[in-house]
Amino acid sequence: MDKIANPAPGFQRNPDKIIAIEPYVGTVTVRAGDTVIASSTKAKVLTEPPYSPAFYIPFADIDFDALSGTEHSTHCPYKGDASYWTVLPAGETGQNAMWAYERPFDEMTEIRDHGAFYASKVTIEATPG
């Protein structure tokens, strides 16, 4: 069966837009207080100027028992529709603290099955390997 193409409308309108995704060489750990929410040696760094770089952590390395899905969603013309989760151990601050593009546009398939966290809501530590 042929894959159905799902190109990003943002790149069609703005072909000069650059979004880089690279493996992070080292360990990325996400904490809420003393609770480790995620820890991975397989994280990816997404760079999209003018935004700060974001670490995308494989779902397999995220403790989904510490998260609760929310109804919140956002749309990016380059990446697709983002789903959100609340980081429960972070209390009120953890609301919608993690997002993921579960069905990203074709150009961003590298971040499928990866979650990213807001540094303002949790502690993100990146230790080079």
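This is a predicted model: local features need pLDDT of at least 70, side-chain atom pairs count only at pLDDT 80 or more; totals for chains, interfaces and linings use all residues.

Colleague: How many bridges join strand 6 to strand 7?

Modeller: Strands here are DSSP runs of E with at least two residues (helices are runs of H or I with at least four), numbered from the N terminus, and two strands pair if DSSP finds at least two bridges between them. In this case 7 bridges join strand 6 to strand 7, and the two run antiparallel. Residues are numbered from 1 along each chain as its sequence is written, and side-chain values use heavy atoms, with hydrogens and water left out.

Colleague: Where does P77 lie, and what is it in contact with?

Modeller: P77 lies in the loop between strand 6 and strand 7. Contact means heavy atoms within 4.5 Å, and once its neighbours within four places in sequence are left aside, P77 is in contact with A8, P9, G10, F11, R13 and F105. With a relative accessible area of 25%, P77 is partly exposed, the class between buried (under 20%) and exposed (over 50%), with a 1.4 Å probe and protein chains only.

Colleague: How many of the residues of strand 7 are buried?

Modeller: Strand 7 is mostly covered, since 6 of its 8 residues are buried. Strand 7 also pairs with strand 8 in the antiparallel sense, over 3 bridges, and there W85 has M98 as its bridge partner. From strand 8 we can go on to strand 9, as these two pair over 3 bridges, again in the antiparallel sense, with M98 facing F117 as its bridge partner.

Colleague: Which residues of strand 9 point one way, and which the other way?

Modeller: In a regular strand the side chains alternate between the two faces of the sheet. In strand 9, H114 and A116 point one way while G115 and F117 point the other way, and all are buried. Strand 9 also runs antiparallel to strand 5, to which 2 bridges join it, and P58 stands opposite H114 there.

Colleague: What is the order of the open sheet of 3 strands?

Modeller: The order is 3-2-10, with antiparallel pairing. Strand 3 (35–40) and strand 10 (123–128) each have a single partner strand and stand at the edges, so one side of each is left without a neighbour in the sheet. Strand 2 (residues 26–32) is joined to strand 3 by 5 bridges, and V30 stands opposite A38 in that pairing.

Colleague: Which residues touch the most other members of the largest nonpolar core?

Modeller: In soluble globular proteins, nonpolar side chains tend to be buried together. A nonpolar core is a set of buried Ala, Val, Leu, Ile, Met, Phe, Trp, Tyr and Cys residues joined through side-chain atoms within 4.5 Å. The largest one has 20 residues, of which I37, I57, I62, V87 and F117 touch the most other members. Two or more residues come from each of strand 2, strand 3, strand 7 and strand 8, and strand 2 gives the most, with 3 residues. A second, separate core of 17 residues includes F11, I19, A82 and Y101.

Colleague: How many aromatic pairs does the structure hold?

Modeller: A pair of aromatic rings is described by the distance of the centres and the angle of the planes. Rings of Phe, Tyr and Trp (its six-membered ring) pair if their centres lie within 6.5 Å, and planes under 30 degrees apart count as stacked, over 60 as edge-to-face and the rest as tilted. The structure holds 7 such pairs. F59 and F64 are edge-to-face, at 5.2 Å centre to centre and 85° between the planes; F59 counts as buried at 19% relative accessibility, whereas F64 is partly exposed at 29%. The ring centres of W99 and Y118 are 4.6 Å apart with the planes at 45°, so this pair is tilted. W99 lies in strand 8 and Y118 in the loop between strand 9 and strand 10, so the pair ties together parts that are 19 residues apart in sequence.
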